[in-house]
Amino acid sequence: RVGSLEVGVRTGYFQETGKGLIADDSVPPVYTPSGDDTKIKIVPTSLALTYRLDFVPERFKVPLAPYGRVTLERYNWWVTDGSGKSVEEGATNGWSVTGGVGFLLDFLDPILARELDRDSGVNHTYLYFEVTRSSIDDFGSSSSWDLSDEKVSLGAGLLFVF
């Protein structure tokens, strides 16, 4: 084996609350925060392709499995006014790339790992560290909202192989 290829779909939900800005009639306008809250709500959806070098732990007995991921992203969003009424909605598309490394927990207790695999079908458990760069701006459109981000993640994962 030279590694594994994974295809995944994911989604989530994000919301942020702030004050709307009201412009006066001056030139240039002066903006004053309104008394009402406004909210932006985002439901990101993704189609991801991940390549994991999971042969490294098997072949070299090192509990680290590097991986890379490319993802097509679609962020569906809507903005509400102070009364909760939707005042603007849309979607912004883009992509992201991720590089990471997984620490294979199976190495800490191989017997327990085999029992987990046999009893539940979980083939491997990992702690992972990854860095992601996303470009969510309708592929560079100057008229699009730019929801791009750079992030570092630390987490845990279960791997099922079909």
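Student: Which residues lie nearest the centre of the second largest pocket?
Tutor: Keep in mind that this is a predicted model. In it, P44, S46, E73, Y75 and K151 lie nearest the centre of that pocket. They belong to a lining of 20 residues.

Student: And how much space lies in the second largest pocket?
Tutor: About 410 Å³.

Student: Which strands supply at least two residues each of its lining?
Tutor: There are β1 (4-11), β3 (31-52) and β4 (64-80), and also β5 (86-104), β6 (124-136) and β7 (149-159).

Student: How do the lining residues divide into nonpolar, polar and charged?
Tutor: Four are nonpolar, nine are polar and seven are charged.

Student: Okay, new topic. How many aromatic pairs does a search of the whole structure find?
Tutor: One. The partners are W77 and W145, with ring centres 4.0 Å apart and planes at 10 degrees, so the pair is stacked.

Student: Where do W77 and W145 lie?
Tutor: W77 is in strand β4, while W145 is in the loop between β6 and β7, so the pair ties together parts that are 68 residues apart in sequence.

Student: Is W77 buried or exposed?
Tutor: W77 counts as buried, because its relative accessibility is 7% and the cut-off for buried is under 20%. W145, at 32%, counts as partly exposed.

Student: What joins the side chains of T92 and W77?
Tutor: A polar contact of 3.0 Å. T92 itself sits in strand β5 and is buried, with a relative accessible area of 1%.

Student: Which residues is T92 in contact with, leaving aside its neighbours within four places in sequence?
Tutor: Both tryptophans of the stacked pair, W77 and W145, are on that list.

Student: Let's switch to D37. Where is D37 found?
Tutor: In strand β3. D37 counts as partly exposed, at 37% relative accessibility.

Student: What does D37 touch, not counting residues up to four places away in sequence?
Tutor: T17, G18, K19, D81 and G82. With K19 there's also a polar contact of 3.0 Å between the side chains.

Student: Last one: what separation do the C-alpha atoms of D37 and K85 have?
Tutor: They are separated by 11 Å, with D37 and K85 lying 48 residues apart along the chain.

Notes:
Residues numbered from 1 in each chain as written. Predicted model: local features only at pLDDT ≥ 70, side-chain atom pairs only at ≥ 80, totals over all residues. Heavy atoms only, no water. 1 Å grid on protein atoms, 1.4 Å probe; cavity = no way out; pocket = protein on both sides within 12 Å on 5 of 7 lines; lining within 4 Å. Points joined across faces, edges and corners; volume = space filled by probe spheres on them. Helix = DSSP H or I, 4+ residues; strand = E, 2+ residues; numbered from the N terminus. Nonpolar A, V, L, I, M, F, W, Y, C, P; charged D, E, K, R; others polar. Buried < 20%, exposed > 50% of the residue type's maximum accessible area, 1.4 Å probe, protein only. Polar contact = N/O pair within 3.5 Å; in protein donor to acceptor, adjacent residues only side chain to side chain. Contact = heavy atoms within 4.5 Å. Phe/Tyr/Trp six-rings, centres within 6.5 Å; stacked < 30°, edge-to-face > 60°.
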